Amino acid sequence: MIDSKTLERLRSIDDRSWGLIYKSLVLYASQKLNKAGFEVRSEKDSVDAEHFAVLAIEKVFTGVRKWDYNKYPDITHHLIWVVKSLISSHFKSSSRSIVSAGVANEFLSDSEEFDTFENYDELTDEEIRIRDIPDEIFIENEFWEIIEKSFGENKDDYAIFSEWLQGASRKEISKVLDIPMKEINNSIKRGLRIVKKIFKKS
């Protein structure tokens, strides 16, 4: 449920501004869907750019996707991230692509190579996602399948990375799962290494 202060802040945005925000979200979603070559293949896929724009706004107003207006005063920026996450979830739940075992196996042996992930501890979760996660991951089901297979038997790490990738903060995940922050960070960094490898190969 949304808190009263956030709701008041959202309601203070005038209609004209909401109109511009909505257009920006539709344009963003449309570009991502077109880039993916999205085609309606089943009733489940009967969505368009406006669907994701409306759903993102609804989730922010209901508090499902909390807006931290102190950290991210520009609501458009926050909503674009929500749209990106929603598109990702939609494609993950659809059967748009199949990954061959040969392609997936290239990433199964993820070595724990040293990577400092510059400024990781200083950046917010959203800043890291925007900097280190390519948009294609939120569009192409293929990349999600490769990422999952790359974690191998480390299902917990994959679950943590997936939650973080879709908008949860490190702090929230640590609190909900009752797992030390160090372990959360290790899981996320492992995921980031996998993502890096995937896009070097692609």
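Predicted model: local features only at pLDDT ≥ 70, side-chain atom pairs only at ≥ 80, totals over all residues.
How many aromatic pairs does the chain come to, if rings of Phe, Tyr and Trp (its six-membered ring) pair when their centres lie within 6.5 Å?

Residues are numbered from 1 along each chain as its sequence is written, and side-chain values use heavy atoms, with hydrogens and water left out.

The secondary structure comes to ten helices and zero strands, where helices (H or I, at least four residues) and strands (E, at least two) are DSSP runs, numbered from the N terminus. Of the 202 residues of the chain, 45% count as buried, buried meaning under 20% relative accessible area, exposed over 50% and partly exposed in between, with a 1.4 Å probe and protein chains only. Among contacts (heavy atoms within 4.5 Å) between residues at least 6 apart in sequence, 76% join residues at least 24 apart.

Turning to the interior, a nonpolar core is a set of buried Ala, Val, Leu, Ile, Met, Phe, Trp, Tyr and Cys residues joined through side-chain atoms within 4.5 Å. The largest one has 27 residues, of which Trp-18, Phe-52, Ile-75, Leu-79 and Val-83 touch the most other members. Helices α1 (4-11), α2 (15-35), α3 (49-62) and α4 (75-93) each supply at least two residues of this core, and α2 gives the most, with seven. Phe-52 touches, not counting residues up to four places away in sequence, Ala-29, Leu-33, Val-47, Val-83, Leu-86, Ile-87 and His-90. Apart from this core lies another, of 21 residues, including Phe-151, Ile-160, Ile-194 and Val-195.

Now back to the aromatic pairs, where planes under 30 degrees apart count as stacked, over 60 as edge-to-face and the rest as tilted. The rings of Trp-18 and Phe-61 have their centres 5.6 Å apart and their planes at 40°, so this pair is tilted. Trp-18 lies in helix α2 and Phe-61 in helix α3, 43 residues apart, and the pair thus links distant parts of the chain. Trp-18 counts as buried, at 14% relative accessibility, whereas Phe-61, at 27%, counts as partly exposed. Trp-67 and Tyr-69 form an edge-to-face pair, 5.7 Å centre to centre with 70° between the planes, and both residues are buried. Finally, Phe-151, Tyr-158, Phe-161 and Trp-164 form one aromatic cluster.
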